[in-house]
Every structure is written in structure tokens, then in C-alpha cells.
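Please walk through the model below with an eye to its strand pairing and to the open spaces at its surface.

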Amino acid sequence: MIHAASTEERERLLADFVRFCEIESPSGRERAMADALTEDLRGLGLEVEEDDSGPETGSDAGNLLARIPGPEGAPTVLLCAHMDTVPLDGPVEVVSENGLLTNRHDAILGADNKAAVATILGAARRILRDAAGGSAGSPPVGVELLFTTSEEMALGGAKAFDRTRLRADFGYVFDHASPIGEIVLASPTYYSLEARFRGQAAHAGIRPEAGHNAIAAASRAIAAMRIGRLDDETTANVGRIQGGTNANVVAERCTVELEARSLDEGRAGEVVSAMVDALAEAASDAECDVETSVERRFQGYRLPRTAPAVQVAAAALADRGIEPVYINTGGGSDANALIPAGLPVVNLANGTERNHQPDESVTVEALDTMLDVTLAIVARAGR
């Protein structure tokens, strides 16, 4: 069994986390983060492969892959995290107060997902150190490290990654902002929907009868929809509406962006179809035209508790004195791209809080615990 991280390793983990958070890497601009991480991995003696997914994802960097070989015939486990963040409204300057890490400025911290990037790097550093020293704690497994781009853009990097490059038998992403110990067993299918209404412009005070108001048509469609939590497994949302030119002009154009998610893929499709119908009917009633486009951004999944990757995670948590808690989520992660590609992957909670918000945070204790859990997973994977 691999021992828990030392004080020195925990200090190094914290330093890595702070350094990574302060490297700006919103989706599409991950170059600096990819370069820093590549340098770190090569400093550990690892070869780093960067793929050519940039043109497909719109990023200035590709996905990074590194391998730590195991004994011949041993299983291989994947550890995965994403390098990008949501857009930043300000710089990142990490501050620590009573063990709570936040951003000094009114902007995200970037713990999503740089907490995982730092803990995976810390685990790799320990695995390589033990292997070089011939430690009895060295895990008899191979380890693959995958760091993706554009995860915040509907998993762009993971979807563009060539799955055949991986040798892993199963793997883990650490990308759920909830208490450590939670194991995600189900994640939804996610559809995005865009509707573009076109009506007829007219002077709102002189000839309103000659106009056909695209904003009014869109509003009528939205009012006819069920929005919010539709049932225990399904949600729908109107996220953005934009249209018109001025208050004294009957709006000729309006664009609406919506989404639907469900743990039941068929149910997600039904909700989207109902949305499209509502949009078409409202456009017709208002004598407007509407063009709709629907895209399945990622596919949902369900994992049984008996899946080997789930059992390994549960045992590793137990090894660290943490009771496993099995949950479903309404969010997506790189697991939603890797599982449909044929690789059993489990998403684990990483102890971060309020991701995508200016008050995003993580504790030093959570970072330390996730490093210990990651090491325990690698140890358990070899049994």
C-alpha cells in the first residue's frame, strides 16, 4: 500500500496548485498552462505527447498525454483532469486564510480543475520516486496521465482526443465540486438548442401594425415551455436571449439559447422536441419565421456499483477512512466523452466549492486528502 503524502509533498502540492491557478487558461487559451505542465512532467523524466486537436477545439494547445509504465502484463489506470477554466473576470491571486484558498480578486479561483491537475502531478511525482527507489509501496500498475483542453466548452478536448492512444483498462476524472467521498454513478445527456426568430421591423409608434415582433414571439415560446427541474432526472433552461435594435423599433430579430438535460436519454430528447414545437408554434402565431438548431453536446451514462473502477474507488476511499457516497449529477465531465468512447471512467468529487463563481474555493485539507485518495486509487488498481 502507498503511504499517505509527506509534509514535503503536501507543501509541494500547495505550491503547484497556487502556481497553476495563477496561470490564466480559459477555454481556447490553454497554451501557457500546457507549457507549464509539460515542463513539470518532463522534469520528472516523462515523455509528453501533445495531440493536434487544437484546430478542432479552437484552442491554442492540444491535449497532453504522459505515461508511467508498469510491470509487463499489469493493468493500466488513467488519471484525467482538464487544463481550462471558464472565462475570468479578473486576475487570479491565490490567498489562504485559515486553510481556505480563494482568489483575492472578484473572479474565479480556477480550482476547477486545477486542484485535480495539481494532485495528479503530485501523485505522479510520488509514484516515480518510489519506483526509482525500489520501494515496496510502488504500485504494480501502469499509469496514464491525460490533461485535456476545452472541457468547459462541452468537453471539446476529450471528445477530440483519439481514444485508441490510451492503453488504460479504466480511469478516473476528479471533476465534481462536492465533498470528497462522492462517486458519480450517473450523468445526463445534454442537448443545446438555438432558435433564431425573424419578424418584420416597423416604427413602434407610427406603424406597429406593420411589424411582426420577433422578441414577442420568442417570449411567447418561452412562456409555453416548462423550465427548471422537470423531474428527479431532468432539467431545462433558457440561458440567453438577445434581439431588437431599439425601443422604438418593432424587433425584427431575436435569438434564444436553451438547453435540456436528463439522466434518461430518451427523456432529454422528448424535452428538446417539446421546446422545438413551442418555438415553431409561437413563431407561427406571431407571423414570424424561426430557424432552430439542436446539438447533443454530450452523452449521459450510468455505472453500476459493481463496476471494477467504482469498486477500486470505493476501496481507496475506505483505505483513507472516507465512506463512499454514490450520487447522480446534473453536470458533465470528461467522463461523458471517454465512456462513450469505450473506456470505463469514474468521476470523483474533489472537495472544491462554488465552481464557476467569484467565491470559488478549496481548502488545503481537501487538496491533501485528494492527493492521498489518488495515491490510494493507484495502489488499489494494482490489486
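In what order do the 3 strands of the open sheet lie, and is the pairing parallel or antiparallel? The order is β4-β5-β17 and the pairing is antiparallel, where strands are DSSP runs of E with at least two residues, numbered from the N terminus, and helices are runs of H or I with at least four, and where two strands pair if DSSP finds at least two bridges between them. The edges are β4 (94–97) and β17 (362–363), each of which pairs on one side only. Strand β5 (residues 100–103) is joined to β17 by 2 bridges, and L101 has V362 in β17 as its bridge partner.

This is a predicted model, in which local features need pLDDT of at least 70 and side-chain atom pairs count only at pLDDT 80 or more, while totals for chains, interfaces and linings use all residues. Residues are numbered from 1 along each chain as its sequence is written, and side-chain values use heavy atoms, with hydrogens and water left out.

Turning to the pockets, a pocket is an open set of points on a 1 Å grid over the protein atoms alone, where a 1.4 Å probe fits, with protein on both sides within 12 Å along at least five of seven lines, and its lining residues have an atom within 4 Å of a point. The largest pocket holds about 880 Å³ of space, a volume being the space filled by probe spheres set on the points. Its lining comprises 32 residues, with E152, Y190, E259, R261 and H356 nearest the centre. Among the elements giving two or more residues to this lining are β9 (189–198) and β12 (253–262).

The second largest pocket, with about 170 Å³ of space, has among its lining residues R12, R125 and L371, and α1 (7–21) and α4 (111–132) each supply at least two lining residues.
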